[in-house]
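Have a look at it first, then try each task before reading its solution.

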Amino acid sequence: MGIGEYAFFCCSSLQDIKIPIVKSIQKGTFIDCKSLRKVVLPYGVESICEDAFRGCGIREVVLPETISTIGENALRCSETKKVIYETYVENGETRHAFHDADELLVVLGRNHFSQSFHVWRDTLQKIVIPKGT
């Protein structure tokens, strides 16, 4: 079960979303929602497909420990400043996920390994690893 492809495409006034428990956010679901500022995905979301939030005004995103796949350009938003990963994302599909972000604060949850960030841009300035990780 997931939110359909391009379901909220170009909803320029959309500022806040409360996503129900779904397994995936499909391709282009929230593409170009310029007023969307913060996304907290609920526990249970396993994948964010390509271009799902591309071009949004997202400044902060929280990814639950159930996330295992982030598609290409899924979170390509130039205003993103903070990403909270609650777990390790295994596969290599994080390519260009946050490509346009000039500066990111990445907060890692438990069970992270360096392979998670093999495609980050040169602009990644800070990673916070919580105590006890």
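## Worked exercises

Keep in mind that this is a predicted model.

**Exercise 1.** Is C77 buried or exposed?

*Solution.* Buried means a relative accessible area under 20%. C77 has a relative accessible area of 0%, so C77 is buried.

**Exercise 2.** Find out how many disulfides the model has.

*Solution.* Step one is the cut-off: the two cysteine sulfur atoms must lie within 2.5 Å. Step three is the total, which comes to zero disulfides. C11 is likewise in no disulfide, with the nearest cysteine sulfur, that of C33, 5.0 Å away.

**Exercise 3.** Describe the setting of T29.

*Solution.* Start with the chain: T29 sits in the loop between β2 (24-25) and β3 (38-40). Next, check accessibility: at 0%, T29 counts as buried. Then look at its side chain, where a polar atom lies 2.7 Å from the backbone oxygen of Q26. Finally, leave out residues up to four places away in sequence; T29 then touches I3, G4, E5, Y6, A7, F8, F9 and A52.

**Exercise 4.** Which elements make up the protein chain, and how much of the chain is buried?

*Solution.* Count the elements first: there are nine strands and zero helices. Then turn to burial: of the 133 residues in the protein chain, 44% are buried. To finish, take the surface: the chain exposes about 7100 Å², with carbon and sulfur atoms supplying 49% of it.

Note on methods
Residues numbered from 1 in each chain as written. Predicted model: local features only at pLDDT ≥ 70, side-chain atom pairs only at ≥ 80, totals over all residues. Heavy atoms only, no water. Buried < 20%, exposed > 50% of the residue type's maximum accessible area, 1.4 Å probe, protein only. Helix = DSSP H or I, 4+ residues; strand = E, 2+ residues; numbered from the N terminus. Polar contact = N/O pair within 3.5 Å; in protein donor to acceptor, adjacent residues only side chain to side chain. Contact = heavy atoms within 4.5 Å. Areas by Shrake-Rupley, 256 points an atom, 1.4 Å probe, with all protein chains shown as cover.
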